[in-house]
Amino acid sequence: MLSYRHSYHAGNHADVVKHLTEVAILDYLLKKDKPLCYHDTHAGAGLYSLQSEHALKTAEFKDGIAKLWQYQPQSTVLAKYLTLLKQLNPDNELNFYPGSPKIAALMLREQDHLQATELHPTDFPILKSQFVKRRYTRIENTDAYAGFKAMLPPLVKRGLVLIDPPYELKTEYQDLVTGLLDAYKRWPQATYAIWYPVIERSAIEAFVAAIVATGIKNQLRIEFNLHADSSGHGMTGSGMLVINPPYTLATELELALAEVQQQLGTTASRYQISQLVAE
């Protein structure tokens, strides 16, 4: 249950898609002066060395962020994402890659709240150590969905909930649907961004259908596939299901993913952005 370590996968093509979506949503929310809350369900260690044994063993970042590192983007969202990475790598060498809570911390203002849960006994203390001096921050060593019950709704009205389980167990798909419904009842005005891997197409379509079947309105699907669908050959792509997306999100990610496909893509690569459920 606790075998997953994101340090093996940091900076891969799925991280690029997930973090572009996160940056776009937070950038929109930050346009208003009132404080917001960012809540991360499977926060990991927060920051990863791409020179570590784990990262170099899989080298997944070489087909992800490494291909974008020196790229000069036209898309505003892609430019902001790469600028954040430059802040963590000021010598212009790609040595560190941020997890989603670190990206949020780089973007959030002093008045904004940050919440995160992480169950892994090794990653949790690493994560918590990075936010010791930050105000309005709560990092808990607990299950993601127990975290919903303990931490939602937050003290502020606006915000983003990022849900990205490792999906190591088949039950995690149903657990997510159940957890999402609980979180949404507690905090219906938030934006929810749910990451999913594309491994088995039929299983993913069933999962997407289950999210749609919740009856929650205003659902947007974003998916980027580096390779053609293939059974038994690992993750070929990934996606984000976004509930209550900013009205600008589809257009901004259309521009960003067109450039990502150009830089990362294979002959079989493709992306899609579609409104699954109307407002």
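1. The largest pocket is lined by 47 residues, and those nearest its centre are Tyr4, Pro165, Pro166, Tyr167 and Glu168; a pocket here is an open set of points on a 1 Å grid over the protein atoms alone, where a 1.4 Å probe fits, with protein on both sides within 12 Å along at least five of seven lines, and lining residues have an atom within 4 Å of a point. The model is predicted, with local features needing pLDDT of at least 70 and side-chain atom pairs pLDDT 80 or more, whereas totals for chains, interfaces and linings use all residues. Residues are numbered from 1 along each chain as its sequence is written, and side-chain values use heavy atoms, without hydrogens and water.

2. The volume of the largest pocket is about 950 Å³, taken as the space filled by probe spheres set on grid points joined across faces, edges and corners. Its lining comprises 20 nonpolar, 14 polar and 13 charged residues (Asp, Glu, Lys and Arg count as charged; Ala, Val, Leu, Ile, Met, Phe, Trp, Tyr, Cys and Pro as nonpolar; the others, Gly among them, as polar).

3. Helix α1 (13-29) is among the elements that each supply at least two lining residues, and its four residues are the largest share; helices are DSSP runs of H or I with at least four residues, numbered from the N terminus.

4. Helix α1 also packs against α9 (residues 249-264) at about 155°, with the axes 11 Å apart, which means that the two are roughly antiparallel (over 145 degrees). Axes are lines fitted to C-alpha atoms over the stretch in contact, and angles run from 0 to 180 degrees between N-to-C directions.

Methods:
Parallel < 35°, antiparallel > 145°, perpendicular 65-115°, else oblique.
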